[in-house]
Amino acid sequence: MTTYDDRASLTDLTTTAERVRRSVEGVIEGKPEVVRLSLTVLLAEGHLLIEDVPGVGKTMLAKALARSVDCSVRRIQFTPDLLPSDITGVSIFDQQRRDFEFKPGAIFAQIVIGDEINRASPKTQSALLESMEERQVTIDGHTYELPEPFMVVATQNPVEMEGTYPLPEAQRDRFMARVSIGYPSAEAELQMLDVHGGASPLDDLQPVAHADDIVKLIDAVRTVHVAESVRRYAVELVSATRRHPDLRLGASPRATLHLLRAAKASAALGGRDYALPDDVQALAVAVLAHRLLPTAQAQLNRRTAEQVVLDILQRVPVPTSGVTAAPAQHLPDGPVYGRQPGARRL
Ligand SMILES: Nc1ncnc2c1ncn2[C@@H]1O[C@H](COP(=O)(O)OP(=O)(O)OP(=O)(O)O)[C@@H](O)[C@H]1O
Ligand SMILES: [Mg+2]
């Protein structure tokens, strides 16, 4: 376990993260904040939902991140006929050995790109989301661990809804953050024409970090200190969503955990071994908005969940003192996702 007492390693870690960031940014034009958020989610052991209109680079972002890290990658194109067992795997009886053999499904990879997740049936979606959360798959009484690092980057297109199964709120809650990429600026779009006009720059992308480096980074992120006042601030923000008159569903305690973990990753990316209220603020919309349900009245008034989070950020007082002092010694958070003892690694 890397500790932050070892200052050199903090520098190493930020350098590695920086290399990955630059590699992805070399492919996705004019979207530095989206790239940073994807990296934050990777280091915070979360999963990312990319929701946007067609052709803005959703698949490209997921692929660029996967290719920049030297790790196993699987891409699942979701369709209505995809079965839960295509995701998780199946046990097949081997006549010769007279025993069952497990054939792992598409989820057994370190970075899993789930393209157009809303095209899969709810049963298949829930197979994916369950294993995503538990980081393991149980088939016929045997539990198989998913590899580390493990991140699902799912994309969905909110415009074309026909024949799709939008993710229910309970499922959306399992994504640490949701991001929309948005159209590039005219300058960035011009640059894209130059760079992407011929062969795709994705083809030339070489890994700039090893999967083991990412695991070390994740360990280091766990040790980032969050002062009590900052933790309290995150709790205040989340609980304000539960009381807000424009919302009929607020954010879950899982959301608070995700917000804190993302804030720690953001601090580490910024080269700090402590999280600031700014880290929490900067991530609040991406981490909270996709879990919230505006009331019918708020929808009529065209008030979005993002606006509500921004409103809450305005109202909840920001802690100003005691946010940076790191204790002499602190223990890293325990594993957030409990693996069952005896789970098998493939
Ligand atoms: N910001 C951007 N920077 C670089 N290339 C971009 C950008 N936005 C879009 N593109 C280009 O547009 C093309 C389409 O991107 P991509 O396939 O990732 O879109 P998508 O959002 O996944 O679309 P769909 O919803 O149809 O699957 C890619 O070839 C990519 O080069
Ligand atoms: Mg796509």
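Residues are numbered from 1 along each chain as its sequence is written, and chains are lettered from A and ligands numbered from 1 in the order in which they are written. In this predicted model local features need pLDDT of at least 70, side-chain atom pairs count only at pLDDT 80 or more, and totals for chains, interfaces and linings use all residues, while side-chain values use heavy atoms, with hydrogens and water left out.

Ligand 1 is surrounded by Val27, Ile28, Glu29, Pro54, Gly55, Val56, Gly57, Lys58, Thr59, Met60, Met192 and His196, a residue being near the ligand if one of its heavy atoms lies within 4 Å of it. Six of these shell residues are nonpolar, four polar and two charged; Ala, Val, Leu, Ile, Met, Phe, Trp, Tyr, Cys and Pro count as nonpolar, Asp, Glu, Lys and Arg as charged, and the others, Gly among them, as polar. Helices H3 (58-68) and H7 (186-196) each supply at least two shell residues, and the largest share, three residues, comes from H3. Helices (H or I, at least four residues) and strands (E, at least two) are DSSP runs, numbered from the N terminus.

A nitrogen atom of ligand 1 lies 2.8 Å from a backbone N or O atom of Glu29. Oxygen atoms of the ligand take part in two further pairs, one at 2.7 Å from a side-chain N or O atom of Lys58 and one at 2.8 Å from a side-chain N or O atom of Thr59. Of the 630 Å² that ligand 1 exposes when taken alone, the protein buries 74% (Shrake-Rupley method, 1.4 Å probe).

Helix H8 (residues 211-222) has 12 residues and reaches 17 Å from its first C-alpha to its last, close to the expected 16 Å (1.5 Å times one less than the number of residues). Its buried residues are Ala211, Ile214, Val215, Leu217, Ile218, Asp219, Ala220 and Val221; buried means under 20% relative accessible area, exposed over 50%, and partly exposed in between (1.4 Å probe, protein chains only).

Most residues other than glycine have a negative phi, and most peptide bonds are trans. Arg98, in the loop between strands E4 (89-94) and E5 (99-104), has a positive phi near 50° and is exposed, with a relative accessible area of 61%. Arg135, in the loop between helix H5 (122-134) and strand E7 (136-139), has a positive phi near 60° but is buried, at 6%. A cis peptide bond, with omega about -10°, joins Glu148 and Pro149.

Notes. Polar contact = N/O pair within 3.5 Å; in protein donor to acceptor, adjacent residues only side chain to side chain.
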